[in-house]
Amino acid sequence: MAKNRDEVLKVLEDWGSSITNMILNNEEPILEIPSRTLSNTIWDPKKKMLVLGPEKLRRKFLDLKESKRFMQTMLMLRLIVQAIREGVYPTIRDLYYNGKHTMEFKADIINKVIRENTWDEQSESNAVIEDIEVATGILREEMGLSADVKGKVVGGPIIVRSKGFEIDATKLGDTALSLPPNPDDLEIVKVEANYVLVIEKDAIFQRLNREGFWNKESCLLVTAKGMPDRATRRFVRRLNEEYGLPVYVLTDGDPYGWYIYSVYKSGSIKLSYESDRLATPEAKFVGVTATDIRAYKISDEYVIKATDRDLKRAQELLRYPWFQSDHWKKEIELFLRTKKKVEIEALSTHGLKFLHDYLTDKIHGNKFID
């Protein structure tokens, strides 16, 4: 369960105080932070998701290689604590700018003024926020930090309550409900959908919404417009975990679409420390697959030749433990042999109404990949 802001503030303050106490006791200040490296990311076959391993980094203030990151972490911690105390909800971009400044000092040995930025790129400040997350066990959403949210949901029926206002996702016309930075803040008042259909592409999401697919199927449509953000993944996990809704994922028939599916299902290497909250191990893949080209007689004029980059990415997928099922190996190996990829829109080779038939055939006929 998500912590309230008072609980979050206490955890962050206590962590900061532990560093202060080291200094007051004439001890070298050291930060212990779980390592977020590839080598410390582990595939858990029982959970069917990526998890963070036991390795920890010891970031020492007196180590010249680590001192800058140490100071960046303390600066970011101060900014976050200040924001919580003042009752504001900054974006991670706000924190980047708020903490960005240049320090100057004169190096007498070389008779030169040295200038050093607190951080040069937002990727640096973002990584420090992630360090604080894994070190304290407090997620940035719980800290009140915001990032770009791409997720949208429509259909159901589902009714949610946000800041006292109830929103019915079946009464939004051609628009959809945009997810908040922290979907745990949404109270789900009612949900009676049969399943959740997660769609890679926003254009396909819009099309199915306007055609009333969710109404015919009594389902929820969700999209994150490509690679999913944390908020969308969390919302999908909630629907599956709390309400038992089956989750089906629709992407283009290429290695990048298949990887997007795996991020929903198994988590990502970068955010393996959040897999228990973000991954949905029960998610199923409905398409588009390499075998669909032949099975659904997709015309050659709709098929795209795979690039060298596509083939390299497919070979990478074969090395991931979460793509080791016989079904996935068959699909990826077929893709490597034929060097053919296909977009969702290619299903229009059978007419503009065929997408509906394809989806219902896959979902109700259990023609998905688990």
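Asp 131 is buried, with a relative accessible area of 3%, where buried denotes under 20% relative accessible area, exposed over 50% and partly exposed the range in between (1.4 Å probe, protein chains only). The structure is a predicted model, in which local features need pLDDT of at least 70 and side-chain atom pairs count only at pLDDT 80 or more, while totals for chains, interfaces and linings use all residues. Residues are numbered from 1 along each chain as its sequence is written, and side-chain values use heavy atoms, with hydrogens and water left out.

Asp 131 takes part in a salt bridge with Arg 69, at 2.8 Å from N to O; a salt bridge is defined as a side-chain nitrogen of Lys or Arg within 4 Å of a carboxyl oxygen of Asp or Glu. Arg 69 belongs to helix H2 (residues 67-86) and Asp 131 to helix H4 (residues 122-136), so the contact ties together parts that are 62 residues apart in sequence. Helices (H or I, at least four residues) and strands (E, at least two) are DSSP runs, numbered from the N terminus. Arg 69 is partly exposed, its relative accessible area being 24%.

In total, 36 salt bridges are counted. Among them, Asp 184 is joined to Arg 234, the closest N and O atoms being 2.9 Å apart. This pair links distant parts of the chain, 50 residues apart: Asp 184 is in the loop between strand E10 (177-178) and strand E11 (187-191), and Arg 234 is in helix H8. Asp 184 is partly exposed at 25% relative accessible area, whereas Arg 234 is buried at 10%.

Helix H8 (residues 230-243) has 14 residues, with its end C-alpha atoms 19 Å apart, which agrees with the 20 Å that it should span; the expected span is 1.5 Å times one less than the number of residues. Of the 14 residues of H8, 11 are buried, including Phe 235, Val 236 and Leu 239. The helix is followed by Gly 244, whose phi is positive, near 65 degrees.

Within helix H12, Glu 316 and Arg 313 lie three residues apart, about one turn of the helix. They form a salt bridge in which the closest N and O atoms are 2.7 Å apart. Glu 316 is partly exposed at 22% relative accessible area, and Arg 313 is buried at 14%. Salt bridges that share partners also join Arg 36, Arg 59, Glu 66, Arg 69, Glu 130, Asp 131 and Lys 270 into one network.

The charged end of Arg 313 also sits over the ring of Tyr 259, 4.5 Å from its centre; this arrangement requires NZ of Lys or CZ of Arg within 6 Å of the ring centre and within 35 degrees of the ring normal. Arg 5 likewise lies over the face of Tyr 89, at 4.1 Å from the ring centre.

The whole structure contains 15 aromatic pairs. Rings of Phe, Tyr and Trp (its six-membered ring) pair if their centres lie within 6.5 Å, and planes under 30 degrees apart count as stacked, over 60 as edge-to-face and the rest as tilted. The rings of Trp 43 and Trp 322 form a tilted pair, with centres 5.7 Å apart and planes at 35 degrees. Trp 43 is partly exposed at 24% relative accessibility, whereas Trp 322 is buried at 13%. The rings of Tyr 296 and Phe 354 are edge-to-face, with centres 6.1 Å apart and planes at 65 degrees. Ring pairs also link Trp 258, Tyr 261, Phe 285, Phe 323, Trp 328 and Phe 335 into a cluster.
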